[in-house]
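Subject: Structure for your review

Dear colleague,

Please find the structure below, together with its sequence. My notes on it follow directly after.

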Amino acid sequence: MTDTPLRIPLRPLARILEAREKGENPDAIERENLRLRHEEMRDRARVRAEGRILVLGAVFALAFMTIGVKMWMVAESEPAEPRTSYAGMGIVAQRGDIVDRQGRVLATNLDTFSLYAHPHQMVEPRRAAEELAAIFPDLDRERLIKDFTGSRRFVWIRRKISPEQRQAVHDIGEPGLLFGPREMRLYPNGAIAAHILGGAGYGEEGVAAAEIKGTAGIERAFNDYLTDPANGGRPLQLSLDLTVQAAAEEVLYGGMRLMNAKGATSILMDAHTGEIISLVSLPDFDPNDRPNPPTEGHPDDSPLFNRAVQGVYELGSTFKIFTAAQALDMGIANPKTMVDIRGPIRWGRHTIKDFHWYGKELSVEEIIIKSSNIGTARLAEQIGIERQKQFLADLGLFEPTPVELSEAPSGAPLIQKNWSELTTMTVSFGHGMSISPLHLASAYATIANDGRRVRPTLLRQDTPQVGPQVMSAAAARQAQTMLRQVVTEGTASFADIDFYSISGKTGTADKPKPTGGYYKDKTISTFASMFPAHDPQYVLIVTLDEAVETSGKDPRRTAGWTATPVAAELITRIGPLLGLRPEIAPVPLADITLTSN
Amino acid sequence: MTEMVYGALPVPDGEPILPKWWRTIDRWSLFTIIILFAIGLLLGLAASPPLAERNGYPPFHYVTRQAFFGTLAMIAMIVTSIMTPQSVRRLSVLGFMVAFAAIALLPVFGTDFGKGATRWYSLGFASLQPSEFLKPVFMVVTAWLLAAAQDLNGPPGRLWSFMLMTIIVGFLAAQPDFGQASLVLFGWGVMYFVAGASLKLLLAMAGGVVIFGVMAYNSSEHFARRIDGFLTSEIDPTTQIGYATNAIREGGLFGVGVGQGEVKMSLPDAHTDFIIAVAAEEYGLVLVAVIILLYLSLVLRSLLRLTRERDPFVRLAGVGLAATFGVQAMINLGVAVRLLPSKGMTLPFISYGGSSVIASGIAVGMLLALTRSRPQGEITDLLSGRSR
């Protein structure tokens, strides 16, 4: 405290001693001095505070005045057209292309123009409105006249126009009609691979440019990658094969019409790399003109719905091979082990029965070949609840597929909360648990990959996946053999075609009613297959929604009659495209008779 | 005689409460507040019907609610302004404990209403933002601590208040609510400044705030986006600021006319954070100037009255309250004209918001209680021959 040189001590000794001698309280002296000191300090503090408060007041006055002046400046300024903002984060004009595994373009950009108006610069706003309405019949003439003659200073007219339309607008000769450069996302193949590509729209938009933003599918899932300038516009290469995809869509569409199905989906997957070579969901749409999402009704009625990824269904008997494979893997059974199939099994209110009567007992391979519900239920009983759940979880059937589509998380499997012994039995033949066809594809790929887990991917891979071993290679091979037997001697005889050997399993499940219970006459029929049978390279899943085959006396809805022939046709068509060598069946020696005498 | 000696009878003060209140209150500031509230209702009539319709309420849902809460706020303000500085301080300390606990428990019991920041308690019929209530009582508690610290042998109030401020700013930044956090920080800084902080220390703290801001910019995307939006030279027309700028522009000097504005249709926060844009569009610069002058006059009058105050506690508390009130208004207005980066800050008494208006009422009530004219010992000064 250098600023108070003359400082009286709080307890001056002379006064204290004096007070003590007189018998007074010396503390009173201290209190008095303290009070004086406080008063002095407060006076000083007050003077200082007064000055500082005045400074504060001046700052406030200045700040409020600045705001007022700025407000006045803004109010008096002329409205500007919306320029793209964000000096630091300019709109990335060049969005990366998307190409297929051979480098063929699936999505690219096209330069075009947007059209907007400055009504205050217009010479003849009414005529401009009428001519515009003539060029673009969907524009409302009255609305345009109102916009052009009103007080608005900026009006968007069209986001994208064609060169012809641009010339026509030029010919109006109205100076208040202006063009802004635009890039638009173009899908040159139209509806092919629509559900994978998804679609794109405009995000942030200004007069000079607009940001293209993925709205669904791979465009949305990889939006950041495609717009990242660090990638330098390098294309995103998918695992898809455009030719195979086109052929698959064509064949599947024909099959869907022939089988009177309301929807269909097919997935072709490389069994070793997990690459999705083709993924079709019908009905589809054109991503160049993406329809609006449905506001009412069930989402899977919309063409936007990706049945392969988002649609979760009870996929029926295709599950039986998992039960059999697990039983083989655990050593509970071998393909020849006999299982008691006397039924029906009664469980509370529920009964489990077979489609036909197959006798008293069947071997494990016959259970798969003939598709016996009771037989698989018996096997599942021996496997047990926890082990069955663990096995299905290892196959990836308890979580959404990890595929790179923005819709993938919405395809979460539906799993019963209380997994009882009955659930174990029904799940063993594919009821009481719903998964997407893509789940099924990756699970079958795991079997085809000799028991190593395969995860589906849409990006091109150059090396096989090395996933965890879900089941032993021996069990997986035995399961492959059984699947081949299903085709040669079981329910999938329509898949026993010339040139390619297919193994697979049919599955037919009644569709659940939204109100509870099941429809008697609506089914989901699935054929899950792998080929070539002796050394599976590819997995193909074909699922038809409400298919019915009517060539016979009674309508047939089982997968063996619906999904299987479609899948067989599909393989006949895409096998050569995949570069698979046909397996020439030995020519029957019809004209030569072997004589032995 | 006995009563006089032993003090058994209460000695009447000599003046009834209400006449004394009326005589000593800063009537100009009181009317300023009432006019601001009336302007708020008027603007609410314009700004909120489109929003009410979007949310499926009758068109004047928000206006009636605001009138109800505003009336409560006015009552709270008048009741608070009748209190003596001592009662203001005592009640504030109690209120501070409650509000502090409420803020601390927000992460557990609060809701974010889907806005990405947990700032509210949902009470069913209304929501409560405890930080609004914490602000004024924190100012009073800080003033108490700082004033006590000035005494010889006083408690280390500066350190305590600094710790309290740090904790509260931490809670607010965690919500995240950088607007309220900066208000609390600013209010504390102003009080510390007036309480006689050394300028070096203040400069060091300003540096600290800058460093904290840079850290927040780097760690919080929410924060960084707003700063980026502010720093760019041109305005993106599809942001709130863009709409607000256009609205002010459309309004010009005298506005487009009552009910003719369009910004309220497109701005989601037209009735709260950007109500000034509605004012500017419909009534023009004239009303905006009036609003600015009202806020400025309230702040300046309170500060001028406080320069004459001898009691350090009253002086500090008053300055803290007046400064936070003024800065809150300043930030809201500054955001609308892009002088400041975008923050969720209400315009006191004008913006819609139940807890906001009631908390502002209590805060201004305290301010009015502290700026009432009181004997300041002028005669004693004259007698003792001191200059002041």
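How are helix 9 of chain A and helix 17 of chain A oriented to each other, roughly parallel or roughly antiparallel? Please note before the answer that this is a predicted model.

**Helix packing**

Helix 9 of chain A spans residues 242-258 and helix 17 of chain A spans residues 563-577; their axes come within 10 Å and cross at roughly 160 degrees. Angles over 145 degrees count as roughly antiparallel, and helix 9 of chain A and helix 17 of chain A are therefore roughly antiparallel to each other. The crossing in which helix 9 of chain A passes helix 17 of chain A is right-handed.

On the side of helix 9 of chain A, the contact is made by A:Thr243, A:Val244, A:Ala247, A:Ala248, A:Glu250, A:Val251, A:Leu252 and A:Gly255. Helix 17 of chain A contributes A:Val566, A:Glu569, A:Leu570, A:Arg573, A:Ile574 and A:Leu577. By class, the residues of this contact comprise nine nonpolar, two polar and three charged.

**Salt bridges**

Over all chains, the count of salt bridges comes to 34. Several of them are described here.

A:Lys262 pairs with A:Glu546 in a salt bridge whose closest N and O atoms are 3.7 Å apart. With a relative accessible area of 35%, A:Lys262 is partly exposed.

A:Arg307 and A:Asp545 also form a salt bridge through their side chains, at 2.8 Å from N to O. This pair too links distant parts of the chain, 238 residues apart: A:Arg307 is in the loop between strand 9 (276-282) and helix 10 (320-330) of chain A, and A:Asp545 is in strand 18 of chain A. A:Arg307 and A:Asp545 are both buried.

These two pairs belong to one network of salt bridges, in which A:Lys262, A:Arg307, A:Lys511, A:Asp545 and A:Glu546 are linked.

A further salt bridge joins the side chains of A:Arg104 and A:Asp100, at 3.1 Å from N to O.

With kind regards

Definitions and conventions: Residues numbered from 1 in each chain as written. Chains lettered and ligands numbered in written order. Predicted model: local features only at pLDDT ≥ 70, side-chain atom pairs only at ≥ 80, totals over all residues. Heavy atoms only, no water. Axes fitted to C-alpha atoms, helices over the stretch in contact; angles between N-to-C directions. Helix = DSSP H or I, 4+ residues; strand = E, 2+ residues; numbered from the N terminus. Parallel < 35°, antiparallel > 145°, perpendicular 65-115°, else oblique. Left-handed = near helix turned anticlockwise from the far one by under 90°. Contact = heavy atoms within 4.5 Å. Nonpolar A, V, L, I, M, F, W, Y, C, P; charged D, E, K, R; others polar. Salt bridge = Lys/Arg side-chain N within 4 Å of Asp/Glu carboxyl O. Buried < 20%, exposed > 50% of the residue type's maximum accessible area, 1.4 Å probe, protein only.
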